[in-house]
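Please read the following report alongside the sequence and the coordinates. It moves from the overall make-up to a few selected sites.

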Amino acid sequence: MSKEIVEAVKALEQEKGISSDKLMDALADALLSAYKKTPGAAKYARVDLDHDTGDFRVFELILPPELEEKLLAEAVAAQEEEEREIDPETGELREPEEPELDPEMIAPYEDQISTRDVTPDDFGRIAAQTAKQVILQRIREAERMMMFDEYQDRVGELITGIIQQSDKRYTLVQLRERVEALLPKSEQVYNERYDHGMRVKAVITDVSDSTKGPAIVVSRRSPELIKKLFEMEVPEIADKLVEIVGVAREPGYRSKIAVISHADGVDPVGACVGPRGSRVRMVVSELRGEKIDIIPHNDEPGRFVAKALSPARVREVIVDDGERQATVIVPDDQLSLAIGRDGQNARLAARLTGWRVDIKSETEFAQDDEEIEYEGEEQADGRCLAVLSNGRRCPNAAIGESSYCGLPQHQALSRFETNQIAVLATVSEAEVAILADSEADDGQVAGIVERAAAEFQEPVEEAEDEPPDAPTAGPVAEEDSSSSQAAGEEPPSTPPADEAPQDEAPDEALAEDAATEQDEPAEDEADEESEEEVEAEEEEAPSEEAESPDGDARSSEPEPVAEEAE
């Protein structure tokens, strides 16, 4: 019999992968349980089993009364500390069981305990059945512990399984023989079907130990699934040359991933897309058609937010570092694309970047921006005060206590009375660096500022009015000359200023003004003369206008004046 036990233990060791020592200990516990089922069994007993030969003996433990009372009191105290369980059938608290002395409690007092050999000749049918049940239970417990030790360190790992059972609550996925994982309804994608026998990839999210064995929970909604799928398809990610630094996902609809390259010459986006899109196509196929946007990561928040809103085109991004908020200005025709269906694109961009994203169209932003004065006033909105060459204000946020952003050209504007970036047009890059340095030499800074300010001209919004006595004969004379040359006539000669009579100059100006008023009265009255002078000239002009024909007012009027001057 002993030889058969040893052979059976070795066979179980090879079949189940359980060590022979664990099986022998389980057999010893089974024999002890079988002995306690026999009539007249001792209250305290132990079984000694030889692991090599399979021989066993049962010994009765005879405890002194004082030691037994002491150990029982300790067992009762330990039992009272534990919470009483509730019977699920009746809903009442279960009565505590009679305390028993475990072999671990008795072991320290072996020198005070006497033993007696009480090995039975035959255990009987009931005892043998009890031993069988205990052995099977211990084998199952050993298998569960082995499975738990194997999978507790594999959380976050990608696994492939076969669908075994699916209902409204959960889906069972077989990982290997006698190992099943649970795919709960909360971890399933709404538009996916899980048919029996279908292969599916998922990520292990939790492994917990329970009385029925380790519970392995897998997920198809986790963002970690996209990372593992790309790692499997893209060798550069597996070799750590390209890294996925962020994932934002709405399962079944769209996902955005941010990638960065750690090696020169390796395009992170191109590596993930693959030749003709083969790599990303495999991932999309595994996710049942879910769209994936691959975004290059950028340390500058403004550029990163702009890229995260793709496929929409972004004009500019205003970043507020303190509030971690980004205001994005897009063309009017790109507003709906930037927001996405039900705000999906904006939500994914905000999750991916970790910034709050506010999207505005150019028209809306221009209306809000009209009320802001850029020049000469301190701003309280946290934006840089620099005014660019196109007249728009810098969209970046001011840093620290400064009124300007971190660009050296904009920091250099703090040395000037104006915040127009055009003042630095004649300043070299080395001088800009000196101006941007707060610890630079004051004398050197003053020289650069004085020279740049002297060469800078403030932009003029509207043209100033010409003085009222400015003669208009120049443009008219040029038109007269060009018209007379076209008609084949010689251009009229104009006498020198010192030879011309002083008293005839007003008559000449009045004649020219009268001829010009017939063809272009609106232009001359609006741009050159005040209302009072125009009224005075109109009173003196009728006699001149009556003598000249209507059609040749421009070409014929200056000729008599030239002859009279001669």
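The sections below describe the protein as a whole and then some of its parts.

## Overall make-up

The model is a predicted one, and the protein in it comprises 23 helices and 14 strands. Of its 566 residues, 35% are buried. Among contacts in the protein with a separation of 6 or more, 56% are between residues 24 or more positions apart.

Helix 12 is largely enclosed by the rest of the structure, because seven of its ten residues are buried. The buried residues of helix 12 are Gln344, Asn345, Ala346, Leu348, Ala349, Leu352 and Thr353. The elements that cover them include strand 9, strand 10, strand 11 (291-296) and strand 14 (356-361), together with helix 10 and helix 11 (335-339). Directly after helix 12 comes Gly354, which has a positive phi near 80°.

The axes of helix 10 (residues 301-308) and helix 12 (residues 344-353) come within 9 Å of each other and cross at roughly 145°, and the crossing is right-handed. On the side of helix 10 the contact involves Phe304, Val305 and Ala308, which meet Ala349, Leu352 and Thr353 of helix 12. Classified by residue type, this contact of helix 10 with helix 12 holds five nonpolar residues and one polar residue, with no charged residues. Ala349, Leu352 and Thr353 are also listed among the buried residues of helix 12.

## The loop between strand 6 and strand 7

His196 is located in the loop that runs between strand 6 (179-184) and strand 7 (199-208). With a relative accessible area of 61%, His196 is exposed, because the cut-off for that class is over 50%. Apart from neighbours within four places in sequence, His196 is in contact with Ile163 and Gln164, and its side chain reaches the backbone oxygen of Gln164 at 2.8 Å. His196 also lies 7.4 Å from Ser166, C-alpha to C-alpha, although the two residues are 30 residues apart in sequence.

How many aromatic pairs does the count come to? The count comes to one aromatic pair, formed by Tyr190 and Tyr253, which are stacked with 5.3 Å centre to centre and 15° between the planes. Tyr190 lies in the loop between strand 6 and strand 7, whereas Tyr253 lies in the loop between strand 9 (242-250) and strand 10 (254-261), so the pair ties together parts that are 63 residues apart in sequence. Tyr190 counts as exposed at 53% relative accessibility, while Tyr253, at 44% relative accessibility, counts as partly exposed.

## Ser219 in strand 8

Is Ser219 buried or exposed? At 0% relative accessibility Ser219 counts as buried, because the cut-off for that class is under 20%. Ser219 has its place in strand 8 (residues 215-219). When residues up to four places away in sequence are not counted, Ser219 touches Leu183, Glu187, Ala202, Val203 and Thr205. A polar atom of the Ser219 side chain lies 3.1 Å from the backbone nitrogen of Arg221.

Technical notes:
Residues numbered from 1 in each chain as written. Predicted model: local features only at pLDDT ≥ 70, side-chain atom pairs only at ≥ 80, totals over all residues. Heavy atoms only, no water. Axes fitted to C-alpha atoms, helices over the stretch in contact; angles between N-to-C directions. Helix = DSSP H or I, 4+ residues; strand = E, 2+ residues; numbered from the N terminus. Left-handed = near helix turned anticlockwise from the far one by under 90°. Contact = heavy atoms within 4.5 Å. Nonpolar A, V, L, I, M, F, W, Y, C, P; charged D, E, K, R; others polar. Buried < 20%, exposed > 50% of the residue type's maximum accessible area, 1.4 Å probe, protein only. Polar contact = N/O pair within 3.5 Å; in protein donor to acceptor, adjacent residues only side chain to side chain. Phe/Tyr/Trp six-rings, centres within 6.5 Å; stacked < 30°, edge-to-face > 60°.
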